[in-house]
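This report describes a protein model together with its ligand. Please have the sequence and the coordinates at hand while reading.

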Amino acid sequence: MSLREVTSELDGNLNRLAEKLRSNLRISILTGAGISAASGIPTFRGQEGLWKKYRPEDLATLDAFDTNPVLVWKWYAWRRERIVTSQPNRGHHVLATWSERINSFCLITQNVDGLHERAGTHGVIRFHGSIWELQCRNKCPESPDSWWDDTVPFRSIPPTCPYCHGLARPGVTWFGESIDHEILRQSLSATDCDIFFAIGTSAIVNPAANLIRQAKQNGAFTIEINVDATPASDLVDLAFHGPAATILEQIEQRLTRCP
Ligand code: BJW
């Protein structure tokens, strides 16, 4: 296919999608680390991904935390410092605009960075928790399920539970841990929609990746936006291969253009 043919196919797909989005449809969106890449937040997988330097089992499991809480906390403290100096990018902002404009809109994010909320998206479902929340490692009876703590940098590492003074842990979901029951229920319910986007996710971590399959089974028109192909690429109805911020901006331009 020539470059001109590729460009014209992309243009046609963007126009068709914008037409669909203009109708009063129920839109659900699943985002992953790729949406925050343009904000300078490293993804997990891929050439520059965090898992190139670190092993997930050394940092993102409860066993790893219990073995070396200082190491795990240093990693999270480093990520918090990176996130706090980053800004939401155009991709986050376009989605925030849609969340205001579209009546039935739901955004589920696997990201713990909080950039969707900082862009102004309301009611974000945080599938894997938040890096800005802490929990008591021992779930002491005095402590709430989690509490907000955006101190950067921490006064000391590891931070402690203010209720029992034992260890605190990041309020995120690690491998081998179950997704919060209510979060999973809301997310599954959001797959009952007309259009489902999977944006910037490698679509290999379950149960998040399974939401794409579930949406398809529920009859949604499914769309992937990713710089690379993923296991979801063959499943979805339409795949855009490019940076999320650019593709979302191109869709938004068509949506706001006078008909
Ligand atoms: C762009 C872009 C641009 C780049 N524009 N795109 C064996 C042992 C234990 C568990 C399991 C096991 N086998 C299977 C499991 C289950 C496991 C799992 O799925 N593992 C697979 C990896 C095999 N899942 C779980 O354990 C989950 N819980 C569970 O299943 O409970 C039941 C259970 C209980 C007991 C035992 C077993 C099961 C929990 C999963 C928790 C995942 N946690 C993390 C860390 C969160 C906290 C933190 O941030 O520190 O979540 S891991 C990491 O992966 C993080 C992410 O949310 C998640 C998904 O990653 P994501 O977002 O897709 O990012 P990447 O980096 O993978 O991809 C980025 C994509 O963007 C790429 O495709 C790029 O191409 C693209 N991109 N730039 C657009 N500009």
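The sections below cover the ligand site, a pocket, the salt bridges and some backbone details.

## Basis

The model is predicted, and side-chain atom pairs are counted only at pLDDT 80 or more.

## Ligand site

There are 32 residues around the ligand, and R45, Y76, R79, S202 and N226 come nearest. By class, this shell has 14 nonpolar and 14 polar residues, together with four charged ones. Among the elements that each supply at least two residues of the shell are the helices α2 (34-37) and α6 (69-84).

In the side chain of R45, an N or O atom is 2.5 Å from a ligand oxygen. N226 places a polar side-chain atom 2.7 Å from an oxygen atom of the ligand. The ligand taken alone exposes 1500 Å², of which the protein buries 74%.

## Second largest pocket

The second largest pocket holds about 680 Å³ of space. Its lining has 25 residues, with Q135, D145, V172, T173 and D180 nearest the centre. The lining is made up of eight nonpolar, nine polar and eight charged residues.

Strands β4 (129-136) and β6 (168-172) each supply at least two residues of this lining. The largest share, five residues, comes from β4.

## Salt bridges

The model has 14 salt bridges. One of them pairs D192 with R26, whose closest N and O atoms are 3.8 Å apart. D192 lies in the loop between α9 (181-190) and β7 (195-199), and R26 in the loop between α1 (3-22) and β1 (27-31), so this pair ties together parts that are 166 residues apart in sequence.

## Backbone details

P158 is found in the loop between β5 (147-148) and β6. P207 is in the loop between β7 and α10 (210-217).

K139 is not a glycine, yet its phi is positive, at about 50°. This residue sits in the loop between β4 and β5; β4 is also the strand that gives the largest share of the lining of the second largest pocket.

Definitions and conventions:
Residues numbered from 1 in each chain as written. Predicted model: local features only at pLDDT ≥ 70, side-chain atom pairs only at ≥ 80, totals over all residues. Heavy atoms only, no water. 1 Å grid on protein atoms, 1.4 Å probe; cavity = no way out; pocket = protein on both sides within 12 Å on 5 of 7 lines; lining within 4 Å. Points joined across faces, edges and corners; volume = space filled by probe spheres on them. Helix = DSSP H or I, 4+ residues; strand = E, 2+ residues; numbered from the N terminus. Nonpolar A, V, L, I, M, F, W, Y, C, P; charged D, E, K, R; others polar. Near = heavy atom within 4 Å. Polar contact = N/O pair within 3.5 Å; in protein donor to acceptor, adjacent residues only side chain to side chain. Areas by Shrake-Rupley, 256 points an atom, 1.4 Å probe, with all protein chains shown as cover. Salt bridge = Lys/Arg side-chain N within 4 Å of Asp/Glu carboxyl O.
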